[in-house]
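Here are a few notes to read alongside the structure, written for someone meeting it for the first time. Please keep the 3D view open and find each part as it is named.

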Amino acid sequence: MVFYTPGRTTSYPTKSVESGIRFHFLGGAQEVGNVACVIEDNTQTRILIDYGLSPGDPPTYPQECPPIDAAIITHAHLDHIGMVPWITASHNVPLHATHLTAALADMMWQDTYKISKIEGYPLPWDRRDIEDSDDVWETHSFGETQKLGEWNWQLLQAGHVPGAAMIHIETPTKSILWSGDIDTRDTPNVTGAKPIKSDILVLEGTYGGREHPNRNEEEMRFVNKVKEVVNRGGLAIVPAFASGRGQDILRILHQHAPHLDVHYDGMGKRVTRHWMNHPEFIHNAHEWDKIWSWVRKVGSKSDRKKVLSADVIVTTSGMLKGGPVLWYLNRVRDDPNSAVLITGYQAEDTGGKMLLEIGKIPIYGDIVEIQCEVDKFQLSNHAGHSALVDFAKKTEAKDVILFHLPDESIEPLKKAIEENGQQVHIPENGQTFTIK
Ligand SMILES: [Zn+2]
């Protein structure tokens, strides 16, 4: 656990940059989550990109951030945004993001604060810091050029989730492309990221060394499984992340099985309303009016009881660690006709991981056996291995810095990108390195 003492515990060097671009990862190097990186050059412009939190048990945080000129936030997932209120409390600088990311941030922070109180883990920021952070957003559309000292920069479409951005920076000497979390494919709610030419690419590698199944085939395998469960009289429980996956699932079901009785519960409802207020970030946004009137929103306890005789419930949490999903699962856990259809990555120490491994799950303090069918579908919103390598190649970057990746992804991704003729760097948290 990191407890911050501002100005006392940062690993950031005091010496200024003489030449080149200095990168200093405070978190997110050789790990997935906790993303935070300081970038500085000899014009003394110094920015922070992302300041995340990994909601494990206990949660982990990046190292302390030194004073900066501004923070740019790629997207509103907790592992990129969770510690931003600390930045506001300590450095009170502008926070830059797309309009949609800024709109979602407050909800993510409020929810994190609430969970920290319930689970009794310390957070180095409080409710007032959320309010202060809400006041310092500077929001942007994709492709709008901004100035910061002698740097020009802009946010670009990252795929991944609506509003998620890559960051393209032009310093007087080098151009930098920061990928954020990317998906180069068009997925149900967002169009894919496009590479642009840069001198330095900072690339996420979540799926380095791993390929995704064909996206359309996997979507149809999911739809067919849902229909099978419904036809045998079961309830299909679809645990899905609030921001991205749940809405993908709704769009897939609306397109391929509109006759089903589909219900939607949890924080994703509020996220979707923000999406609908920012249609410029959504692929074919107009379809959401139809999807929203088709799907049945669950708003009360009595609604929940009705869902037990419906066809499908899409709800949080995506990793079965808290959230309404546990209420539903508890009610149908002895029914072999019902099914839990897992649609995303399951971290260690989560109910979803335990369910996949041993068919049991902690619900309200007890470890219970689940008689329902359990199946898993790969509907990721991250680029797979070949797509990452191809993306790197098309940026023509001489230097590629890999971050946001698990240990087993490092070697295969490094090797493949080196075969493009590009130099690959694997940074370490808390260590400075400069690209000249
Ligand atoms: Zn993300």
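Predicted model: local features only at pLDDT ≥ 70, side-chain atom pairs only at ≥ 80, totals over all residues.

1. The domain assignment divides the chain into domain 1, made of residues 21-210 together with 381-435, and domain 2, which covers residues 215-376. The C-alpha centres of domain 1 and domain 2 are 28 Å apart.

2. Where the two domains touch, 23 residues of domain 1 and 20 residues of domain 2 take part in the contact. On the side of domain 1 that touches domain 2, helix H3 (residues 99-119) gives the most, with six residues. Sorted by class, that side of domain 1 has nine nonpolar, 10 polar and four charged residues.

3. The largest nonpolar core has 117 residues, and those with the most contacts inside it are Ala71, Ala236 and Ile237. H3 supplies the largest share of this core, seven residues, and the core draws at least three residues from each of domain 1 and domain 2. If neighbours within four places in sequence are left aside, Ile237 is in contact with Ile313, Val325, Tyr328, Leu329, Ser338, Ala339 and Val340.

4. Is Asn189 buried or exposed? Asn189 counts as buried, because it has 23 C-beta neighbours inside 10 Å, and 20 or more are needed for that label. Not counting residues up to four places away in sequence, Asn189 touches Pro162, Gln247, Asp248, Arg251, Ile282 and His283. Asn189 and Val161 are 28 residues apart in sequence, while their C-alpha atoms are 7.4 Å apart in space.

5. Within H13, the residues Ser409, Leu413 and Ile417 are buried. They cover an arc of only 45° around the axis, and therefore they sit on the same side of H13. The face of H13 turned away from its buried side carries the exposed residues Asp407, Glu408, Glu411 and Glu418. What covers the buried residues of H13 includes helix H12 (385-395), strand S20 (399-403) and strand S21 (423-425).

Notes
Residues numbered from 1 in each chain as written. Buried ≥ 20, exposed ≤ 12 C-beta atoms within 10 Å, placed from the backbone. Helix = DSSP H or I, 4+ residues; strand = E, 2+ residues; numbered from the N terminus. Arc of directions from axis to C-beta. Contact = placed C-beta atoms within 7 Å. Domains from an automatic or database assignment. Nonpolar A, V, L, I, M, F, W, Y, C, P; charged D, E, K, R; others polar. Core = buried A, V, L, I, M, F, W, Y, C linked by C-beta atoms within 7 Å.
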